[in-house]
Amino acid sequence: SLEPCGNATRMENSTSSCFLMERKTHVKINRKEVMLAKLRKSCSCTPKKIKNFVMDFLPVLQWLPKYQCKEYIWGDVMSGLVIGIILVPQAIAYSLLAGLKPIYSLYTSFFANIIYFLMGTSRHVSVGIFSLISLMVGQVVDRELLLAGFDLNDDAPPALGDGSLQNDSQSNTTHHLRLIFFFSFSFFFSVSPQVLMGIFRLGFVSMYLSESVLDGFATGASLTILTAQVKYLIGIKIPRSQGHGMLVITWINIFRNISQANLCDVITSAICIVVLVTAKELGDRYKHKLKFPLPTELVVIVVATLVSHYGKLNEVYASSVSGAIPTGFIPPKVPNFNLMLRVAVDALPLAIVSFVFTVSLSEMCAKKYAYTIRANQEMFAVGFCNIIPSFFHSFATSAALAKTLVKTSTGCQTQVSGVISAMVVLLVLLFLAPLFYSLQKCVLACIIIVSLRGALRKFRDVPARYHVNKVDTLVWVVTMSASALISTEIGLLVGIVFSMLCIIVRTQRPRTALLGQIQDTSFYEDDLEYENLSSVPKVKIFRFEAPLYYANRNYFLKSLYRLTNLDPNLEAARRKKYEKKEKQHLKKGGDTTANGLGITDTILQLVPKQIDFQALVVDCSSISFLDTTGVNTLKEILKDYKDLNISVLLACCNPSVIDSLKRGGYFGKDFGSMQEMLFYSIHNAVRMSLHLDYTSVVTQPATEKKP
C-alpha cells in the first residue's frame with residue numbers, strides 16, 4: 001500500500017516492510033552567474049594560469065621530466081627504429097595516392113612525429129601518413145585542378161637530374177599547382193575544423209561516428225584506394241578519375257586499356273604481392289615469437305630498386321619509376337589563403353575522420369595500458385600536426401592503425417619513439433632519398449594494396465556481424481557501398497545520416513509487450529518471450545521500450561490498443577452512437593429497442609463483452625524521457641480509459657519522467673492523485689489495482705482524490 005508522508009512516498013513491498021522514497025530538494029542554479037564566473041576565470045591572467053596553460057598545451061613538459069630512462073629507452077628506441085623503417089617505404093608509396101612526389105610525404109612524416117611528440121597525450125599512437133586521408137585530400141586537389149583545365153596525368157616520364165632541390169623546382173605547371181592546392185587545403189583542413197573544435201571543446205563529436213560507420217567507411221575507401229593503384233600494377237596510363245562514381249569509371253578505363261599493360265610491371269607486381277603477402281601471413285602467424293615485425297616493405301623496396309637500376313627497366317621496358325627525389329628541405333612558404341574558401345566544405349569530413357581515427361586509437365591504447373588521454377588536446381595535436389607542416393610543403397596527417405599496432409608490439413613506452421622515427425626519416429631526407437630514383441611505381445602500388453589487407457578482411461566478418469546485429473550490418477553495407485560507389489566524402493555523410501535514421505526508426509517502432517507474472521514472485525516479463533507466466537485477472541500490464549516523444553506517439557497508441565484489444569476512442573464512439581439510437585427509439589415508445597431487445601438487454605449490450613480488464617498498468621522502466629507530446633499522450637489515454645471505467649497506473653518511472661508528468665499537469669493541479677497513479681514497482685501497481693474500488697475512483701475528478 002501507499003501512504004503520503006509530506007514530500008515523501010511510503011511504500012509497502014511484498015514482504016510488508018515499509019521504506020521511504022523521498023525526493024531530494026535541488027538548489028536552483030543561476031546559469032547566468034555560473035557562465036559569467038567561468039568567463040571571468042577563463043579571461044583572468046595569472047602566472048599560475050599561464051603555467052598551467054603551457055603545460056596543458058604541451059603535455060611533453062609534464063611527462064618528459066619524469067621519463068624513466070633505464071626502463072623506457074630500449075623499448076622507445078627499438079619501436080622508433082622499426083616505425084622509421086616502415087615509414088620510409090609507406091611515405092614514398094602513399095605519395096601515389098596524393099598525386100605528389102615522394103619527398104613531400106617524407107616531409108609530412110618527419111614533422112608530424114616531432115609535433116605530436118610535443119603536443120599529443122597518447123604514449124603509443126603513431127601519427128603521420130594515412131592512406132585514407134591521402135586519398136581524400138588528393139581527390140579534392142585533383143578536382144580543383146581539373147576545374148582549372150589542367151592535365152591530371154601523373155605518368156609523365158621523370159625528369160633527369162642530380163636529385164637536388166634546384167632540379168626539383170623545375171617541375172611542370174600542373175605539379176606546381178597541385179602543390180599549391182594541396183598545401184592550402186592541408187592548412188585549411190587543420191586550422192578551421194580541428195583547432196576550432198579543440199578551442200570550443202567539441203571532442204565529444206567523435207561519439208556520433210559508430211564503429212559500423214567507421215568500418216564501412218574505411219572498407220569502402222580501401223576499395224577506392226585499391227582501384228586507384230591498379231593502373232600502376234599493370235603499367236597502363238589512364239587519367240585520374242574524378243567526381244562521383246570514380247571506382248566504376250576507373251575500372252571501365254582499365255578494361256578499355258588492358259591491352260596496353262606493361263608486361264614488366266605485371267611480373268614485378270605479381271612477385272612483390274606474393275612476397276609481401278607471404279611475409280605478412282608468416283609475421284601474423286609467428287608474431288609471438290618475433291621481437292619486432294619483419295621490415296618486409298623496406299627489403300622489397302631495396303631489392304626492387306637495385307633490380308630496376310641495374311636491369312634498366314625504365315629504359316628497356318618503359319616501366320614507370322619514381323624519378324628524382326631531392327634531398328634537404330625546401331624553404332617554408334605561406335599557403336595560398338585565397339584558395340581556402342573553395343575547399344572549405346571538403347575540409348570538415350576530413351577533419352572529423354582524422355580526429356575520430358586518432359582519438360579512437362588513442363583511447364584503445366590508453367585503455368590497454370591504463371592511462372588517460374584528453375580528446376580536446378588530441379584535436380589540438382592533430383590540428384597543429386597539419387598547421388605547422390603546411391608551411392613546409394607537407395600535407396594532411398592522421399593516426400595510422402597499422403603503425404600504432406607495430407609500436408605497441410615492439411615495446412613502445414612513450415612518444416620518444418616518435419622522435420627516433422623522425423630521425424630515421426630525416427636521414428633519408430638528407431642523404432638517402434636520391435637512391436630511390438629507379439624504384440618502380442608498381443612496387444609502391446603493391447605496398448599500398450597489401451597494407452589494405454586489414455580493411456578488406458572486413459568482408460569476411462559480415463556473417464558474424466550480421467549474426468550479432470542486423471541493423472549495424474546494414475549500416476556497414478550502406479556506408480561501404482556509398483563510400484566506394486559514390487565518393488568517400490558522400491559515403492561518410494550517408495553513413496552518419498543512415499546510422500541516425502536507424503536510431504530514429506528503432507525509437508519510432510520499439511518493442512512493445514504485455515507482461516505476465518512470474519509465478520510466486522513479484523516480477524513480471526513478456527508473455528510472448530517466456531513460458532509459464534500467469535496473467536493477472538482484470539489487469540493489463542503494458543511495456544513500451546523507448547522514450548515516448550512526438551515521433552513514436554502513434555505507434556505507442558496503436559500498440560497499446562492492439563495488445564489490449566481495445567481502442568477506447570472507437571468503443572466510446574460506438575457507445576454514444578448506440579445510446580443515441582436507443583434514446584430516439586424509446587421516445588417513440590415501446591418496451592423493445594430498435595433491434596428487438598428489451599431494455600434490460602440493451603443495458604447489458606452497453607457493457608462491451610471484449611473489455612476483460614479494469615486497470616491498465618504502464619511499465620515506464622524503459623521510457624527514458626517524455627516530451628510535451630509524450631505527456632499529452634499519457635494524459636489522453638488516462639482520460640479515454642477513465643471514460644470506460646478503466647484505471648491507468650504508471651510504474652517504474654524515473655525522476656525525469658516524473659518531473660515531466662508533474663509539469664504537464666498529469667497528476668492534477670495539487671498532485672493530490674499522484675499517490676494513486678504512480679508506483680515505483682509493477683507489483684505495487686498491480687496490488688493497488690486489485691484492491692481499488694474502480695467505480696468510486698474513476699467517478700471522482702483527479703484533483704479531488706484524497707489518498
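Q: Is Ala370 buried or exposed?
A: Exposed, because its relative accessible area is 71%. Exposed means over 50% relative accessible area, buried under 20%, and partly exposed in between (1.4 Å probe, protein chains only). This is a predicted model: local features need pLDDT of at least 70, side-chain atom pairs count only at pLDDT 80 or more, and totals for chains, interfaces and linings use all residues. Numbering runs from 1 along each chain as its sequence is written, and side-chain values use heavy atoms, with hydrogens and water left out.

Q: Where does Ala370 lie?
A: In the loop between helix H14 (344-369) and helix H15 (375-390). Helices (H or I, at least four residues) and strands (E, at least two) are DSSP runs, numbered from the N terminus.

Q: What about phi of Ala370?
A: Phi is near 60 degrees, a positive value in a residue other than glycine. Most residues other than glycine have a negative phi.

Q: And what is phi of Asn645?
A: Near 65 degrees, again positive in a residue other than glycine. Asn645 sits in the loop between H26 and strand S11 (647-651). Asn645 counts as partly exposed because its relative accessible area is 42%.

Q: Switching to charges. How many salt bridges are in the whole structure?
A: A search finds 16. A salt bridge is a side-chain nitrogen of Lys or Arg within 4 Å of a carboxyl oxygen of Asp or Glu.

Q: What does Glu529 pair with?
A: Arg511, at 3.7 Å, N to O. Glu529 is in the loop between strand S7 (524-526) and strand S8 (533-534), and Arg511 in the loop between helix H22 (488-508) and strand S6 (512-518), so the pair ties together parts 18 residues apart in sequence.

Q: Which residue bridges to Asp612?
A: Lys540, with the closest N and O atoms 3.7 Å apart. This pair links distant parts of the chain, 72 residues apart: Asp612 is in the loop between helix H25 (599-606) and strand S10 (613-619), and Lys540 is in strand S9 (residues 538-544).

Q: Where do Glu571 and Arg575 lie?
A: Both are in helix H24 (residues 568-587), four residues apart, about one turn of the helix.

Q: What is the nearest side chain of opposite charge to Asp640?
A: Lys639, 4.6 Å away. Asp640 is buried yet has no salt bridge. Lys and Arg count as positive, Asp and Glu as negative; His and the chain ends are not counted. Asp640 is in helix H26 (residues 628-642).

Q: What does Asp640 touch?
A: Tyr561, Pro568 and Asn569, not counting residues up to four places away in sequence. Contact means heavy atoms within 4.5 Å.

Q: Ser398 next. Why does Ser398 count as buried?
A: Because its relative accessibility is 0%. Ser398 lies in strand S5 (residues 398-399). Beyond its neighbours within four places in sequence, its contacts include Ser126, Phe130 and Phe357.

Q: Last one. How many residues of helix H29 are buried?
A: Seven of its ten, so the helix (residues 682-691) is mostly covered. Among the buried ones are Ile682, Val686 and Met688.
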